[in-house]
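Thanks for coming. I have one structure to walk through today, and I will keep it short.

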Amino acid sequence: MDMTVAKKKLGLKEKYKLLTRDLGWEPTYHNKDEVFPYVKYEGIKVHDWEKWEDPFRLTMDAYWKYQAEKERKFYAIIDAHAQNNGHLNITDARYLSALKIFLQAISPGEYCAGKGFARMGREFPGVGTQVACQMQAIDEIRHAQTQIHALSNYNKFYNGFHAFADARDRMWYCTLPRSFFDDAMSAGPFEFMIAIGFSFEYVLTNLLFVPFMSGAAYNGDMATVTFGFSAQSDEARHMTLGLECIKFMLEQDPDNLPIVQNWIDKWFWRGFRLLGVVGTMMDYMLPKRVMSWREAFEIYGIENGGALFKDLARYGIRPPKGWDDAGKALDHMTHQFMLALYQYQFGTAFHSWIPSEEDMAWLSKKYPTTFDKYYRPRWEHIKKLKEAGTPYANMGLAKLCQTCQIPTVFTEPDDPTTLCHREVEYKGETYHFCSDGCQHIFEKEPEKYIQGWLPLAAIFQAPLNGDLGAWMEWVSLADGKDNGDFAGSEDQRNFEAWRNQATSNQ
Amino acid sequence: MQIDLRTVSIKPQRNTFDHLARRFGDKPASRYQEGSYDIQATENLHYRPTWDPDQQIYDASITKIVMKDWYALKDPRQYYYNTYTVARARQQETAEANFSFVESRGLADMLPAEMKEIALRVLVPLRHAAWGANMNNSFICGYGYAAIFTQACMFHAMDNLGIAQYLSRLGLLLGDTEGLNEGKQAWLESDVWQPLRRYVEDCLVVRDPFELFVAQNVALDGLLYPLVYGRVVDGFLSANGASSIAMLTQFMNDWFGETQKWIDAVLKTVAAESEDNRALLREWAGKWGARAAAALLPIVQQALEGNADEAVGEEMAAFKARLAKLGIEI
Ligand SMILES: [Fe+2]
Ligand SMILES: [Fe+2]
């Protein structure tokens, strides 16, 4: 008998099943709770892991093959970029601030996500889920590394990149992304999936990557464009994983709905605050602008997010609680953020600057109801002080929001002339918040958020005791090089000189 | 916007990132160094895990092994994502070529029936053991300390999955879906496989990442690969007219040879760090090694029969000699 004829023809789905979930088995030498100790305490009920629909079907051989092709292309391009002084192609050196923030704030998060997904790849008792998480784990290691490698050449020529690893752990504004990712890492496996897999990857990733990568393309930064494009097909997989995860939880048991809704509320708001940095970059740091933060949020947040939540409504999910407040903040947040960054520019490892006339004209066109009314006058004032030789700097200790860790610089949702400030007493201590959203998050898990490491408080405690120079050394900030106004900076001078050298005809 | 730039040479302002200059001096760093050192958050961790408040989010003290600097555990292969995937992509090309060579020539059907039967019995249930290895390495990556060590564990986990998938394809090729079903039945119920399944399940409840590294990657795989792929496949099956099986398991052999270099380097560094570490490694490798050898005996007996005892004994001696060279006497 010819065995090859007798063989059953396996469908793709069936074959993938044999190559993945059929590998698993029910343990009998230990009970399942011992093998998977963390899947119950969050209260999510799963009755049948077999119902998990694989979001993509990729066996390891195919994974290695496709990913290696992308890797070869990526490194060929960034090698050429470094060799040909590709950094001189950027519009001008102001653009570098966006990259510095990216490397200090976002790339470490990629690595952290990888570590988190490795844990999920072990902790979920379903092979389909585990394999999808493991692939994301290794992808995220990739993202951290390609980003560091793409930006490594910039570090050789410009300030502000050199201490990204120190900044990640010590720099005050880096606690915004750090506390976000630490929050997810300290959460249980299902919440982690909602935080990173769903909220970050599905709802917010377009808002991070599309503006960032098109900003890079508009501003001549091939290295960043390349890592963005190279990560795109990974991101597509991650998004389908995030979506499958939330649907799976909601389909498994109706009791899961309120838990999931609560996480969506929380992580939408945390994500919205985190992306404020991206918005600020879009509105203020790109010499050549792509679109405003408001426009990006309308397309990728409101339109896409709206469609998504409409789709999830059949499970009983409603849009996140902070959705309306986010909408109200759209016309204000980036301006308030940038003003704050500017006044603390002595302590940032990137440059900020007073927007030029042309910049301000663009901002008033993009923010017709708010910029001229509220923010232009403040920039004009700051400009006057600077021209008079008495530049404005806030050396004081700002109150940090106990949840998102941003100084409380935002205004009331319905009153842009009043700073929004909330307080909660907990066990005899007073905690401060930037918004209702952040206050609510705290109130649901106070024992978690009272642990938050507040970087500005640390400056005034031993061993720094308020010594600014000691603090700068501690965060590896080179005073006069990494920080301060772009105007007159070494980056500005060097870029101009090198670019002239490369474009002149002698 | 692409402007025409003349080639000019500009003097760099610095050679590398601060954290690498502190480690290696002020000179250009390799991509391996840039992608691996100090990229895990270490200070000012915000919250304790809700899943185990006794731990930190990244906690070097989950394992009993103590290292002054976990970044000492460098990988002699210098694998970061790029070099890893490019190496595996090449290997999978070879594996693919081997599979299609066997398939297109109908070599599976030409195998002596008895040898085919033995190959199915010995190899197919191992796809489940490889899945266990995958979960264990995913664990070590997730809870181990320092990117330089844990990224290699993630690569290892993905390799374990790849091997489970190659074994599944081998099972399908030789025995169709029944081949896989019978293998799974054996894994779950047959006396031959219970000691190994018990070993793997015992590993799944070990939550010291470095003990797990020893139990899975050092002890179990250190004996399983030479015994199964060396002795049974390349030795016994090939000598009995079933050498085409060896083509289907070439990936595993090459992989074992390559990854052993990394594992040995890790062990050597950890053992050299302190007498306490060395004692732990001796205890773990001794305990898990003896269990692994006992669990593998009935499995290889299916092929080697009366010679199995001797084969296991010899591989155990080789395993001990390998560890002794690394400073770990068991
Ligand atoms: Fe990513
Ligand atoms: Fe906040």
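Before anything else, a term: a residue is called buried when its relative accessible area is under 20%, exposed when it is over 50%, and partly exposed in between. By that cut-off A:Asp491, at 1% relative accessibility, counts as buried. Please also keep in mind that this is a predicted model.

I will stay with A:Asp491 for a moment. What does A:Asp491 form a salt bridge with? The partner is A:Lys100, and the closest N and O atoms of the two are 2.6 Å apart. A:Lys100 has a relative accessible area of 1%, so it is buried.

Which residues coordinate the iron ion, ligand 1? They are A:Glu110 and A:Glu140, each through OE, and A:His143 through ND1, at 2.1 to 2.2 Å. Along the sequence these donor residues follow the spacing E-x29-E-x2-H. A:Glu110 belongs to helix α5, residues 96-123, while A:His143 belongs to helix α6, residues 127-157; the two are 33 residues apart and link distant parts of the chain. Are these two buried or exposed? Both A:Glu110 and A:His143 are buried.

Now chain A as a whole. Its secondary structure comes to 21 helices and four strands. The C-alpha atoms fill a box of roughly 90 × 65 × 45 Å along the principal axes. A compact globule of 506 residues would have a radius of gyration near 23 Å, and chain A has 24 Å, so the two agree. Of those 506 residues, 66% are buried. If we take contacts in chain A between residues at least 6 apart in sequence, 78% of them join residues at least 24 apart. The chain exposes about 18,100 Å², and carbon and sulfur atoms supply 54% of that area.

Back to salt bridges. How many are there over all chains? The count is 61. One of them is between B:Arg127 and A:Asp22, with the closest N and O atoms 2.9 Å apart. This pair crosses between chains: B:Arg127 is in helix α5 of chain B, residues 126-143, and A:Asp22 is in the loop between α2 (12-19) and α3 (32-35) of chain A. Both B:Arg127 and A:Asp22 are buried. In chain A there is also a network of salt bridges, which links A:Lys70, A:Glu71, A:Asp139, A:Arg142, A:Asp234 and A:Arg237.

Chain B has a salt bridge of its own to show, between B:Glu96 and B:Arg169, with the closest N and O atoms 3.0 Å apart. B:Glu96 lies in helix α3 of chain B and B:Arg169 in helix α6, residues 147-189; the two are 73 residues apart, again linking distant parts of the chain. B:Glu96 has 30% relative accessibility, so it counts as partly exposed. B:Arg169 has 14%, and therefore counts as buried.

Last, helix α3 of chain B, residues 81-104.

Notes
Residues numbered from 1 in each chain as written. Chains lettered and ligands numbered in written order. Predicted model: local features only at pLDDT ≥ 70, side-chain atom pairs only at ≥ 80, totals over all residues. Heavy atoms only, no water. Donors = N, O, S within 2.8 Å, 3.2 Å for Na, K, Ca; no water. Buried < 20%, exposed > 50% of the residue type's maximum accessible area, 1.4 Å probe, protein only. Rg over C-alpha atoms; globule rule 2.2 N^0.38 Å. Contact = heavy atoms within 4.5 Å. Areas by Shrake-Rupley, 256 points an atom, 1.4 Å probe, with all protein chains shown as cover. Salt bridge = Lys/Arg side-chain N within 4 Å of Asp/Glu carboxyl O.
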